[in-house]
Amino acid sequence: MIRKTTYWPSPAKLNLFLYVTSRRPDGYHELQTLFQFLDYNDELTITANTSGQITLTPEIPGVALHDNLIWRAATALQQFTGCQYGAHIELNKILPMGGGIGGGSSNAATVLVALNHLWQTQCNDNELAAIGLKLGADVPVFVRGHAAFAEGVGEEIIKVEPKEKWYLVIRPNVSIATVDIFTHPDLTRNTPKRPLSVLLEDNYENDCEIIVRMLYPEVDKQLSWLLQYAPSRLTGTGSCVFAEFLSENDAQNVLAQLSDTVSAFVAKGNNISSLHQTLANYRLAHKSSI
């Protein structure tokens, strides 16, 4: 193990579509959804060490260490592999919490992928994805690092190649708990399952959007505004909404018309995540140093 400081992106994602096809007896929902990454991310600075301890900075207000997905991911990898190493992890938080763009799940996946490399624990993607699934349904997609169609509760993943468009993402000033949306009595839970080939050619929609717009007027307001300019949807269970464009210039022109009081950014869709691009670079550097 090389004791040095390394830098890892923790990218955002969008659900380009999201359909709820049924509710299982255990309360979980069966979904059909399409994930794509963005070139917009949190940043994790990770220094592997021999202490056996996982330390984090800064503290996240209201989140105990043992509830932090970063800490849980690192300790889960230790337990799975029997690794005796430790790490200090510093989070530069850029992605909004409760925004539906995968911040916490992405952080957990970045820790699994990065520490597997730094600790040389030799887990393959399937093993890391299995560890990640216990932390959150979206973690395996970030672990695998490729745009994906997911079914079931998110564990059945197929690589796909959607168009890499430009997106204007707006974060309304609300935080939405996923559980509140999936337990709402009026949520659509019977959208017919369709083959992937049909879904990719159809108009993209999100079954959670009606409920979120009803419960959160600020989301409804921002989405109504975006729809004037381009096809727009909710991502996940929100609160972020996004509009799709064919060029960065088009997206930036609409962003320029937003009020300065609204939180928003423009990003490119990526079918290969920045996390896996970084991993490839570190692997190449490691080989060159041998």
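# Cores, cis bonds and rings

P58 lies in the loop between strand 3 and helix 1. A cis peptide bond joins T57 to P58, with omega at about -15 degrees.

Some ground rules before I go on. This is a predicted model, in which local features need pLDDT of at least 70 and side-chain atom pairs count only at pLDDT 80 or more, while totals for chains, interfaces and linings use all residues. Residues are numbered from 1 along each chain as its sequence is written, and side-chain values use heavy atoms, with hydrogens and water left out.

There is another cis peptide bond, between G238 and S239, where omega is about 20 degrees. S239 is placed in the loop between strand 8 (232-234) and strand 9 (241-245).

Q120 is not a glycine, yet its phi is positive, near 55 degrees. Q122 is not a glycine either, and its phi is positive at about 65 degrees. Are these residues buried or exposed? Buried is under 20% relative accessible area, exposed is over 50%, and partly exposed is in between, using a 1.4 Å probe and protein chains only. Q120 has 40% relative accessibility, so it counts as partly exposed. Q122 has 65%, so it counts as exposed.

Next, the inside. A nonpolar core is a set of buried Ala, Val, Leu, Ile, Met, Phe, Trp, Tyr and Cys residues joined through side-chain atoms within 4.5 Å. How many residues does the largest nonpolar core have? It has 40, and I46, I89, L112 and L115 have the most contacts inside it. The elements giving two or more residues to this core include strand 2 (29-49), helix 1 (69-81), helix 2 (103-118) and helix 10 (274-289). Helix 2 provides the largest share, eight residues.

Take L112 as an example. Leaving out residues up to four places away in sequence, L112 touches A73, L77, L128, I131, G132, L135, V139 and V143; contact here means heavy atoms within 4.5 Å.

Last, the rings. A pair of aromatic rings is described by the distance of the centres and the angle of the planes. Rings of Phe, Tyr and Trp (its six-membered ring) pair if their centres lie within 6.5 Å; planes under 30 degrees apart are stacked, over 60 edge-to-face, and the rest tilted. The structure holds eight aromatic pairs. In one of them, W8 and Y282 have ring centres 4.7 Å apart and planes at 40 degrees, so this pair is tilted. W8 is in strand 1 (residues 5-23) and Y282 in helix 10, 274 residues apart. W8 is buried, because its relative accessibility is 1%.

F17 and Y204 form an edge-to-face pair, 5.2 Å centre to centre, with 75 degrees between the planes. F17 is in strand 1 and Y204 in the loop between helix 6 (196-201) and helix 7 (209-215), so the pair ties together parts 187 residues apart in sequence. F17 is buried at 0% relative accessibility, whereas Y204 is partly exposed at 21%.

F17 and Y204 belong to one aromatic cluster with Y19 and F149. The charged end of R194 sits over the ring of Y19, 4.6 Å from its centre. That wording requires NZ of Lys or CZ of Arg within 6 Å of the ring centre and within 35 degrees of the ring normal.

How values were computed
Helix = DSSP H or I, 4+ residues; strand = E, 2+ residues; numbered from the N terminus.
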